Amino acid sequence: MGFETFLGNTQAVADVRGMLAGDRVPGALLFAGPDGVGKKTLALMLARALNCERRAPGGDNFCGVCLRCRKAEEMLASTRDDLERRRESKDASKRVDGLVYFDLQLIEPITRYILTEQVRQLRSVAYTHPFEFPRRVFVIDQAQAIHWQAMDLLLKVLEEPPETTMIILISSSSHELRPTLRSRCRKIQFLPVEEPVISGLLAESGGLNKSQQELGVRVTDGSIATAKTFNLAEYERRRRYWLDFLEAVAAKPANSMNPNDWKILFDSTKALTENRDEFDDTLKTGYSLLRDLLHVLVSGKDANIANVDLLPRLKSWAPKLGLERIEKLKDGLDSAVRLQTRNVNQQLGLDALATALLAQSQ
């Protein structure tokens, strides 16, 4: 149940255990790095270790079975249930009503943002004595999503750190945090997890042959979370519509397109956008193919290709698209990401992008 169960990022684990062993855990930490590599998992492990009854002075691990470790699990379960209930609330005015923070509290976005009232509650509780644990720990996941109006409230807590409260910020985009926030936290850097670890997880899941495992390792991009949930059939289904899209815009200029070509193109944009719940994953798949096209065009190194099973097609498309149109495709995907939180028709955006790409080919 201790730190030995953590997968990957051995240096980050060593840093955390070293702080525990030397009794040098600061009041504020920033866990920075890509999504899905264990930042939140390690933060919650540290929270347990700080309060574990069986950890002796100078100890660098936790048991996971003592009363406090079990109580920590109960607090986290209650926190997650409360966050889910608030996200499902149809009444925006009630989403932050009755906030109660435990000694171990996970704070995440309720809407697009971590709301001002969530940070205000943190500030009001931070300077009080913990109820059940020796040390209170607030874990703020997706810290880059803290609403701008709440930044000053959090900054004041970090400037005058309470003795019995620790704050761990978690971010995959730490550059988006204010420099004043970053400067008041000790940073622990996380990296994509090593390929052998990812390969082992995919092998444990079963059902993948060697070449399929290699594809899975590359497209999961060092993410433990993605590897654990990787579904090859679903990935290939989402990818297939991007392949139709790229084939259509790379094959010929607009003035050479026949009605069937246009139908295939617009059928692909419809399929890519019709399920809003999975559009985030669809965009990630698009970015993966886009990075591969850039590698083919610029570096020419096959080892950098994620969708390795598509290498012949990628090598055919990349020179036809060219750097300028690949950059335009990236701008289109970036725009789709920005529009995710708005009630807009994403298919129209992809239709316009495809038309612009075809126009450039003439």
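Val298 is exposed, with a relative accessible area of 64%, where exposed denotes over 50% relative accessible area, buried under 20% and partly exposed in between (1.4 Å probe, protein chains only). The model is predicted, so local features need pLDDT of at least 70 and side-chain atom pairs count only at pLDDT 80 or more, whereas totals for chains, interfaces and linings use all residues. Residues are numbered from 1 along each chain as its sequence is written, and side-chain values use heavy atoms, with hydrogens and water left out.

Val298 belongs to helix H12; helices (H or I, at least four residues) and strands (E, at least two) are DSSP runs, numbered from the N terminus. Together with Leu297 and Leu323, Val298 forms a nonpolar surface patch of about 250 Å² of accessible area. Such a patch joins nonpolar side chains (Val, Leu, Ile, Met, Phe, Trp, Tyr) within 5 Å, from residues with over 30% relative accessible area and no salt bridge.

The axes of H12 (residues 279–299) and H13 (residues 311–338) come within 8 Å and cross at roughly 140°, the axes being lines fitted to C-alpha atoms over the stretch in contact, with angles from 0 to 180 degrees between N-to-C directions. The contact of H12 with H13 comprises 20 nonpolar, two polar and four charged residues. In this division Ala, Val, Leu, Ile, Met, Phe, Trp, Tyr, Cys and Pro count as nonpolar, Asp, Glu, Lys and Arg as charged, and the others, Gly among them, as polar.

A salt bridge is defined as a side-chain nitrogen of Lys or Arg within 4 Å of a carboxyl oxygen of Asp or Glu, and by this rule the count is 20. One of them pairs Glu132 with Lys71, with the closest N and O atoms 3.8 Å apart. Glu132 lies in the loop between helix H4 (116–126) and strand E3 (136–140) and Lys71 in helix H3 (residues 67–88), so that distant parts of the chain, 61 residues apart, are linked. Glu132 is partly exposed at 45% relative accessible area, and Lys71 is likewise partly exposed at 26%.

Within helix H3, Arg86 and Asp82 lie four residues apart, about one turn of the helix, and their side chains meet in a salt bridge (2.8 Å, N to O). Arg86 is buried at 2% relative accessibility, whereas Asp82 is partly exposed at 21%.

The side chains of Arg237 and Glu278 also form a salt bridge (2.8 Å, N to O). Arg237 lies in helix H10 (residues 232–251) and Glu278 in the loop between helix H11 (259–273) and H12, so the pair ties together parts 41 residues apart in sequence.

How values were computed: Patches are made of residues with over 30% relative accessible area and no salt bridge: like charges are joined within 9 Å, nonpolar side chains (Val, Leu, Ile, Met, Phe, Trp, Tyr) within 5 Å. Accessible areas come from the Shrake-Rupley method with a 1.4 Å probe; for residues, only the protein chains shown count as cover.
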